[in-house]
Amino acid sequence: MKTHQQIDRVARDLDPEVHEANFMGAKLKSERRYASLERDYPDPDKLREIAGLIKQHTLEHLDQYLEQTEASLQKNGVKVHFATDDEAVNAAVLRIMNETDSHSMVKSKSMITEEIHLLDYLEKNGKEVVETDLGEFILQIDGDHPSHIVTPIVHKNRRGIAKSFEREGLGDYNDDPETITRRARKYLRQKYLDADVGLTGANFVSAESGRIVLVTNEGNARFCMAANRVHIAVVGIEKLVPTDRDLGLFLNLIGRSGTGQQLTVYNQFVGGPRAEGQPHGPKEMHVVFVDNRRTEVLASDCREILRCIRCGACLNVCPIYRQSGGHAYRSVYPGPVGAVLSPLLAGNRFPELADLPKASSLCGACNEVCPVNIPIPDLLLRLRDKAKREGAKEAMKGTPNLGMWATLCSQPAMWKTALSMGHSMNYIPTQMIPNPSAKAWQAIRKLPKFQGGEFRKWFKNRNQGSEARSQNPTN
Amino acid sequence: MNDREQIFSAIREALAPLPTKAANPEWEDSLIVCKASGEFDSLKAQFADKLSFASGKFFDSIEALEEFLKKEDSTFGYCDPGLAEHFKHWSGITFDTEYDEAKINDYSFGITRASAAIAESGTLMLKDSVTSARLAALAPWVHVAVLAESDIVGTIGEAIQRFGDDPSIIFATGPSKTADIEGILIEGVHGPGIQIALVLP
């Protein structure tokens with residue numbers, strides 16, 4: 001009897017072209033990651049270790065660092081907001097837009113805004129929102145969702161994109177990637193100039209200086225802060241690092257880990273609204289710190305997952321992700337990080353995603369490539385345990401029932417009987433064995449005759465013997 | 001309890017049961033210094049090498065830059081008024097010294113000042129207080145960042161030490177790029193397609 005999990009079915013039914021694109025893309029990025037780290041550092045693992053410790057330290061002192069960050073930001077003239085959940089964030093962003101008379105927004109890539117469905121909410125409330133990261137823009141016009149946290153359209157090819165562009169009136173069908181890119185550049189440029197608000201996420205926030213750090217390649221995040229009046233940053237509370245100096249370590253790791261780049265093309269350090277005398281850029285800056293169940297994860301025994309800097313290295317190296325692609329994870333975060341984070345961020349909907357931690361052979365490759373050394377296989381085991389204890393039905397399909405085993409182990413007489421009767425299985429025709437696992441086992445094995453019990457007999461008699469010997473010292 | 005109080009309270013509750021807390025590890029600056037990609041007799045030479053590895057273009061001669069811009073048919077643009085004296089002798093190339101947003105798609109180049117450059121990565125460090133207009137460094141196809149040789153530092157760590165309190169600092173390493181479409185590398189997305197560093201003595 002074979003049990004297919006949902007992810008098995010998705011991998012089985014995946015379009016061969018999509019599978020190829022996903023697999024080759026992941027493999028290439030993994031190879032580049034390794035090559036860049038080995039080329040540039042005598043001991044790359046040392047950097048991962050230290051980065052992991054810095055993040056763990058920050059998480060375990062999060063209240064102090066968050067307080068410090070808030071103070072630094074306010075000192076720089078930034079307005080700081082806090083939001084406990086998705087509703088609160090969306091309401092805060094809408095309120096800021098209304099209070100600043102803002103109708104249109106350009107936004108750069110942010111996974112947390114996917115968590116809270118910000119786009120849908122703002123559009124329902126009459127605001128115009130345009131995704132500016134090329135991949136996210138293509139997803140927006142297709143009504144699609146990212147399948148990778150760094151390279152969001154790895155599941156798409158140029159022909160599909162060309163058709164979408166034609167449909168949207170961006171030009172006649174042309175599937176040359178350079179032409180597609182130029183068209184997007186021209187179209188989005190006008191959007192940048194017309195927008196009232198630029199919205200970004202943040203890859204890191206320095207508690208010491210209050211600077212938010214954006215790690216990009218396209219220049220779209222810069223453009224979201226060049227021609228607009230207001231900048232809003234939506235940031236998970238786990239993005240903090242203690243000092244600007246620490247940023248040097250994390251920036252050296254994130255580019256190499258994600259794509260093999262020493263540094264991504266643009267690393268922006270944004271501390272506040274534009275400087276005095278600067279003609280371009282936002283005059284007003286807001287940061288919204290978001291919980292959305294991160295404090296629950298912090299309280300759990302899987303808090304290490306909050307170290308994640310969203311580089312995508314674990315996705316790229318994971319044998320399961322390479323076969324199934326990102327959409328198979330049915331959540332915002334795919335791959336190994338998603339297998340831990342998504343069920344946890346689902347809160348009381350944990351059972352719906354509790355099968356994800358099972359989608360792993362525990363090979364440990366994810367931990368080996370993680371720039372902050374998250375022990376992902378350990379966390380997957382803890383979540384499997386949680387799913388079992390909470391009786392998450394879908395997740396537990398196909399898990400052998402160990403109740404009988406537990407009973408046998410705890411009753412010595414039953415155990416002995418089972419052992420001595422065990423080999424009688426050899427005389428039962430295999431086809432007649434009722435338990436499927438036992439049947440499968442017995443079909444290709446022959447249990448030896450039970451020749452045991454000698455140790456127990458000896459042990460029992462040994463005690464009696466020594467008493468006898470002590471009464472007969474000459475023996 | 002408002003959202004802020006709720007979050008802080010939840011964090012404290014989450015961390016209270018921890019018997020011990022992870023210490024902040026010590027680490028040497030040298031931990032993150034990149035191995036040299038070759039032998040160089042100056043930071044300028046190392047910077048030039050790394051810049052071209054990142055598809056950027058290095059110039060230390062104003063004449064050579066003039067030739068290049070003409071070859072690229074990039075003959076009208078914007079220049080930081082404080083730098084205009086270096087280039088106003090150019091023939092066949094003209095520029096505004098005040099950025100006109102209406103001409104954003106007419107400016108084929110933007111010349112602004114960089115605050116520093118990083119030799120180990122080929123990176124230009126731009127600051128709000130030093131960049132005369134953000135759009136000039138971002139919108140045109142060609143961006144020329146001008147800096148003095150003495151402003152080239154060796155490492156990313158050293159550049160971070162020079163942050164000061166500028167509200168907008170950008171590390172720019174080469175022209176804007178993407179590989180979103182089938183993993184094919186395309187240069188020149190939303191930002192410049194040609195990133196130039198002009199290093200003056």
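Q: What makes S7(A) and S10(A) count as paired strands?
A: Seven bridges join S7(A) to S10(A), and the two run parallel. Strands pair if DSSP finds at least two bridges between them, so S7(A) and S10(A) qualify. One of the positions concerned is Ile232(A), whose bridge partner in S10(A) is His286(A).

Q: What kind of model is this, and how are its parts numbered?
A: This is a predicted model, in which local features need pLDDT of at least 70 and side-chain atom pairs count only at pLDDT 80 or more, while totals for chains, interfaces and linings use all residues. Residues are numbered from 1 along each chain as its sequence is written, with chains lettered from A and ligands numbered from 1 in the order in which they are written.

Q: What are the helices and strands of chain A, and how many of each are there?
A: Chain A has 24 helices and ten strands. Both are DSSP runs numbered from the N terminus: helices are H or I runs of at least four residues, strands are E runs of at least two.

Q: Why do S1(A) and S3(A) count as edge strands?
A: The open sheet of six strands in chain A has the order S1-S10-S7-S4-S2-S3, with parallel pairing. S1 and strand S3 (128-131) of chain A each have a single partner strand, so one side of each is left without a neighbour in the sheet. The twist averages 20° from one strand to the next; the angles are taken between N-to-C directions and run from 0 to 180 degrees, with axes being lines fitted to C-alpha atoms, for helices over the stretch in contact.

Q: Which strands stand at the edges of the six-stranded sheet of chain B?
A: In chain B the open sheet of six strands has the order S1-S12-S7-S4-S2-S3, again with parallel pairing. Strand S1 (57-59) and strand S3 (94-96) of chain B stand at the edges because each has a single partner strand. Direction ignored, neighbouring strands of this sheet are turned by 25° against each other on average. Within the sheet, strand S7 (residues 142-148) and strand S12 (residues 194-200) of chain B pair in the parallel sense over seven bridges, and Leu147(B) stands opposite Val199(B) in S12(B).

Q: What makes the span of H5(A) agree with expectation?
A: The expected span of a helix is 1.5 Å times one less than its number of residues. For the 14 residues of helix H5 (residues 86-99) of chain A this should be 20 Å, and the end C-alpha atoms are 20 Å apart, so the two agree. Just after H5(A), Asp101(A) takes a positive phi of about 60°.

Q: Which residues of H5(A) are called buried, and what covers them?
A: A residue is buried if 20 or more other C-beta atoms lie within 10 Å of its own, exposed if 12 or fewer, and partly exposed in between, with C-beta atoms placed from the backbone. In H5(A), Ala88(A), Val89(A), Asn90(A), Val93(A) and Met97(A) are buried. What covers them includes strand S1 (79-83), helix H7 (118-124) and strand S4 (197-200) of chain A, together with H1 of chain B.

Q: What makes S9(B) largely enclosed?
A: Five of the five residues of S9(B) are buried, so the strand is largely enclosed by the rest of the structure. Ser168(B), Ile170(B) and Ala172(B) are on one side, with Ile169(B) and Phe171(B) on the other, and both faces are covered. Four bridges join strand S6 (residues 123-127) of chain B to S9(B), in the antiparallel sense, and Lys127(B) stands opposite Ile169(B).

Q: Which strand of chain A pairs with S9(B), and in what sense?
A: Strand S9 (residues 266-270) of chain A pairs with S9(B) in the antiparallel sense over five bridges. Tyr266(A) stands opposite Ala172(B), and Ser168(B) is the bridge partner of Val270(A).

Q: How many residues of chain B are in contact with chain A?
A: 56 residues of chain B are in contact with 73 residues of chain A; contact requires that the C-beta atoms of two residues, placed from the backbone, lie within 7 Å. The largest share of the side of chain B that touches chain A, eleven residues, comes from H1(B). By class, that side has 30 nonpolar, 14 polar and twelve charged residues.

Note on methods: Ala, Val, Leu, Ile, Met, Phe, Trp, Tyr, Cys and Pro count as nonpolar, Asp, Glu, Lys and Arg as charged, and the others, Gly among them, as polar.
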